[in-house]
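Open the model in your viewer and show the whole chain as a cartoon. This tour goes from the overall fold to a single side chain.

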Amino acid sequence: VRGLCGTYNGNQQDEFTTPAGDVETSVTAFADAYRVSPDCAALAPNPLDPCDAFAERREDAEAACAVLLSPAFQ
């Protein structure tokens with residue numbers, strides 16, 4: 001099993017394995033390897049920090065994370 005969600009083999013060193021079998025070291029290069037159309041724009045070398053880009057949604061995001069970090073998901 002391989003893909004955008006990892007390799008599921010217990011080895012964190014190969015989580016960014018591309019469809020071509022290469023292991024990328026950057027999130028941007030890894031994500032770009034999964035673009036299905038050249039019409040899709042490539043990611044910037046340093047993706048925006050979502051908290052900076054969407055500051056008005058920070059409170060909503062923190063509330064959603066609190067649910068995921070709650071005892072129900074431990």
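Here is what to select, step by step, in this predicted model.

**Whole chain.** Start with the cartoon. Three helices and zero strands make up the secondary structure. From the N terminus, the order is α-α-α. The radius of gyration is 16 Å, well over the 11 Å that the globule rule gives for 74 residues, so the chain is more spread out than a compact globule.

**Surface.** Switch to a surface view. Of the 74 residues, 11% are buried.

**Contacts.** Residues 24 or more positions apart account for 8% of them.

**Charges.** Colour by charge next. The chain has 4 positive and 12 negative charges. How far apart are the mean positions of the positive and negative charges? They are 3 Å apart.

**D32.** Select helix 1, residues 27-32, and pick out D32 within it. Which residues does D32 contact, leaving aside its neighbours within four places in sequence? They are A42 and L43. Show side chains and zoom in: the D32 side chain reaches the backbone nitrogen of L43 at 3.1 Å. A44 lies 12 residues from D32 along the chain, and their C-alpha atoms are separated by 9.8 Å.

Terms used:
Residues numbered from 1 in each chain as written. Predicted model: local features only at pLDDT ≥ 70, side-chain atom pairs only at ≥ 80, totals over all residues. Heavy atoms only, no water. Helix = DSSP H or I, 4+ residues; strand = E, 2+ residues; numbered from the N terminus. Contact = heavy atoms within 4.5 Å. Polar contact = N/O pair within 3.5 Å; in protein donor to acceptor, adjacent residues only side chain to side chain. Rg over C-alpha atoms; globule rule 2.2 N^0.38 Å. Buried < 20%, exposed > 50% of the residue type's maximum accessible area, 1.4 Å probe, protein only. Lys, Arg positive; Asp, Glu negative; His and termini not counted. Charge placed at Lys NZ, Arg CZ, Asp CG, Glu CD.
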